[in-house]
2 protein chains.
Amino acid sequence: METLTKKINGFKSEEIVTTVQALQKDPSLAYFEFRARNKWMSGGHNRSTIRDFYGGGEEDTSRKKAFVFDNGEPPILLGDNEGANPVEYVLNALAGCMTTTMVLHAAANGIELKSVESELEGELDVQGFLGLNDQVRNGYKQIRVKFKIDGDITEEQKEKLYAFTQMSPVFDVVTNQVPINIVLD
Amino acid sequence: METLTKKINGFKSEEIVTTVQALQKDPSLAYFEFRARNKWMSGGHNRSTIRDFYGGGEEDTSRKKAFVFDNGEPPILLGDNEGANPVEYVLNALAGCMTTTMVLHAAANGIELKSVESELEGELDVQGFLGLNDQVRNGYKQIRVKFKIDGDITEEQKEKLYAFTQMSPVFDVVTNQVPINIVLD
């Protein structure tokens, strides 16, 4: 019965345990393939469609419709704000992933949180990707993340929360190298 | 008059030239600071708000309202599809950025494109970020990108387009290391 299922940080404790046990029994279930399809509209405007993925040993069918995201550029970058721009989507991904990873591991460790908010800033010099200066990198030079957390937590638990944020998949993608294979037809 | 402004790939050629000249004259205008604010909702659901940024020597005021993105998780990852998940947002950012960078540099090089579509796949083993296996990385192991391009392009131009995709800021962020500074209050 639902009333008997204990929830922590919005996760059902029982579901965390069940999931971890299933993966320990059969690690092949932990393999996921996420996907996106993108179509150029015009100029700096293009659109991604995200729905299906493979995970837990099968194709997922839980999504009734696709998520659709428009990438755009502001006027100063030759666009018309058709959507957030791609590097801003990276900040969203990073914020979301660090938050979810922290909150999930907090739940698994019995740390109850009341609220989590974050502010992110990414520094980017556009001389790089425009090919105007070889000394300037094309992507973010650095990213700053400020978390504001509310909950009855000890100093030791706070240190754990800090460590949990860095277990985030997107944190790994941004701070380390991921090989990308490109085919152009 | 607008009818006299030549467009290529949806960009006004004149605007590309003017922008590049302005940055060459004053490289400090090329410094941008992009921002996101995020708020945890419950479980694997959180929400980002993106609007203001600094660039071109001033605070941008072109956006009448914020872009809002919900990060969520599918049921197999203990959520209810409240939104795409953070690692899927990374694929959108990568697709969008590689496409815009290619199309913009194509325009600057007089290469006219009819259509650009892409499909992305990212491999992720969730044993990593769940802390179940030290040998497995937390983020994507690799990402595959397939572009399908339509246009009257030579083999040499195709090679250029391939190179342009790799000048993308998000391509740099994903394939190289970006330092992240985290503060937790």
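**A tour of the interface between chain A and chain B**

Begin by selecting both chains of this predicted model: across the interface of chain A and chain B there are 60 residue pairs in polar contact, counting pairs in which both residues have pLDDT 80 or more. Next, select helix α2 of chain A, residues 86-108, which with 19 residues gives the most to the side of chain A that touches chain B. If you then colour that side of chain A by residue class, you will find 60 nonpolar, 38 polar and 22 charged residues on it.

Charged pairs come next. Between chain A and chain B the count is eight salt bridges, and one of them can be shown by selecting K39(A) and E117(B), whose side chains meet with a nitrogen-to-oxygen distance of 3.6 Å.

Now switch to a cartoon view and select strand β8 of chain A, residues 115-125, together with strand β3 of chain B, residues 31-42; these two strands pair in the antiparallel sense over nine bridges.

Finally, step back to the whole interface, where 120 residues of chain A are in contact with 121 residues of chain B. The area buried between chain A and chain B is about 11,000 Å², with carbon and sulfur atoms giving 63% of that area.

How values were computed: Residues are numbered from 1 along each chain as its sequence is written. Chains are lettered from A and ligands numbered from 1 in the order in which they are written. This is a predicted model: local features need pLDDT of at least 70, side-chain atom pairs count only at pLDDT 80 or more; totals for chains, interfaces and linings use all residues. Side-chain values use heavy atoms; hydrogens and water are left out. Contact means heavy atoms within 4.5 Å. Buried area is the accessible area (1.4 Å probe) that two parts lose on being put together, summed over both. A salt bridge is a side-chain nitrogen of Lys or Arg within 4 Å of a carboxyl oxygen of Asp or Glu. A polar contact is a pair of N or O atoms within 3.5 Å; within protein, one must be able to donate a hydrogen and the other to accept it, and residues adjacent in sequence count only if both atoms are side-chain atoms. Helices (H or I, at least four residues) and strands (E, at least two) are DSSP runs, numbered from the N terminus. Ala, Val, Leu, Ile, Met, Phe, Trp, Tyr, Cys and Pro count as nonpolar, Asp, Glu, Lys and Arg as charged, and the others, Gly among them, as polar. Two strands pair if DSSP finds at least two bridges between them.
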